[in-house]
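Please open the model in a viewer and keep the selection panel at hand.

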Amino acid sequence: MKVQILFDKDTMAKDLRIGWGVSFLIDEVVLFDTGENGRWLLENMGNLKVNIDKIMAVVISHDHWDHTGGLWELLENREELKVYACPNFSLSFKRKVERLKGKLIETERVTEIVENIFVTGEITGEYKGEYMPEQALIVRTEKGLTIVTGCSHPGIIKIVGQVKKDFPNMKIYLVFGGFHLIDKNKQEVKFIAEKLKEMGIEKVGPTHCTGYDAQMIFREIYKDDFIFIKTGQTFEI
Ligand SMILES: [Zn+2]
Ligand SMILES: [Zn+2]
């Protein structure tokens with residue numbers, strides 16, 4: 001299956017918008033998060049020749065502006081789009097989706113949304129002392145599972161642990177997205193990177209709120225199995 005990086009903090013192409021937050025397109029049909037700005041997201045989609053009418057569902061990892069920012073303009077351009085959210089997202093988020101005629105679907109537990117693409121459902125997390133529910137995306141291919149994360153506020157180890165419980169005996173090929181390690185020290189990051197290796201994760205693509213220093217630690221530990229996620233990039237899983 002094809003993964004396209006539609007929005008993130010780095011890019012290889014000069015004509016693409018970059019910024020805070022992420023937006024990844026899976027197999028041309030499922031969009032995971034929408035970055036910080038709708039106009040920028042639509043601009044990148046245009047430049048990357050994304051067929052917006054082919055998108056069947058948008059999965060929002062968590063209710064933070066840098067992940068929901070592009071959703072509103074997308075809904076204005078695409079009526080009746082399915083929006084997967086956690087049950088404990090804010091009321092204002094849910095009302096806004098409904099006002100813009102999105103089809104809100106609240107996922108409590110692991111759910112298959114199109115063939116071989118799943119959401120984890122709500123995982124308990126915390127951000128600055130407040131409850132912050134979050135969900136990740138799971139893609140099942142011949143290579144194994146790929147886990148896609150937004151900010152990983154519940155903790156990347158906890159998210160991977162939950163997926164392992166829901167998909168026992170399945171190999172995890174890749175984990176990519178925000179790992180939220182920006183405020184962790186070198187030892188803590190090293191511990192987490194090694195722990196993921198121990199858990200059998202073959203490749204990693206930490207980006208966004210992982211922080212640049214932590215990305216480099218992952219690169220040191222994962223070597224050729226480290227993916228530097230950049231806007232405009234496409235890869236197969
Ligand atoms: Zn974020
Ligand atoms: Zn966040």
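Begin at lysine 223, the residue that follows helix H7: its phi is positive, near 45 degrees. Helices (H or I, at least four residues) and strands (E, at least two) are DSSP runs numbered from the N terminus. This is a predicted model, in which local features need pLDDT of at least 70 and side-chain atom pairs count only at pLDDT 80 or more, while totals for chains, interfaces and linings use all residues. Residues are numbered from 1 along each chain as its sequence is written, and chains are lettered from A and ligands numbered from 1 in the order in which they are written.

Next, select H7 itself, residues 212-222. Its buried residues are Ala214, Gln215, Ile217 and Phe218. Seen down the axis of H7, these fall within an arc of 160 degrees, so they line one face of the helix. The arc is that of the directions from the helix axis to the C-beta atoms. A residue is buried if 20 or more other C-beta atoms lie within 10 Å of its own, exposed if 12 or fewer, and partly exposed in between, with C-beta atoms placed from the backbone. On the face turned away from the buried side of H7 are the exposed residues Tyr212 and Glu220. The cover over the buried residues of H7 includes H6 and strand E14 (203-207).

Move to helix H5, residues 156-166, where Ile156, Ile159, Val160, Gln162 and Val163 are buried. Viewed down the axis of H5, its buried residues fall within an arc of 155 degrees, so they line one face of the helix. Among the elements covering them are strands E11 (137-141), E12 (144-149) and E13 (172-178), and helix H6 (186-198).

Now display the strands. E12, H5 and E13 make a right-handed β-α-β unit; right-handed here means that, with the strands pointing away from the viewer, the path from the first strand over the helix to the second runs clockwise. E12 and E13 run parallel and are joined by five bridges, with isoleucine 147 opposite valine 175 in E13. E11 and E12 run antiparallel, also through five bridges, and a hairpin of two residues joins them. Strands pair if DSSP finds at least two bridges between them. Five of the six residues of E12 are buried, so this strand is largely enclosed by the rest of the structure.

Finally, select glycine 70, in the loop between helix H2 (65-68) and helix H3 (71-77). Glycine 70 is buried, with 27 other C-beta atoms within 10 Å. Its C-alpha atom is separated by 6.2 Å from that of leucine 41, 29 residues apart along the chain.

Technical notes
Contact = placed C-beta atoms within 7 Å.
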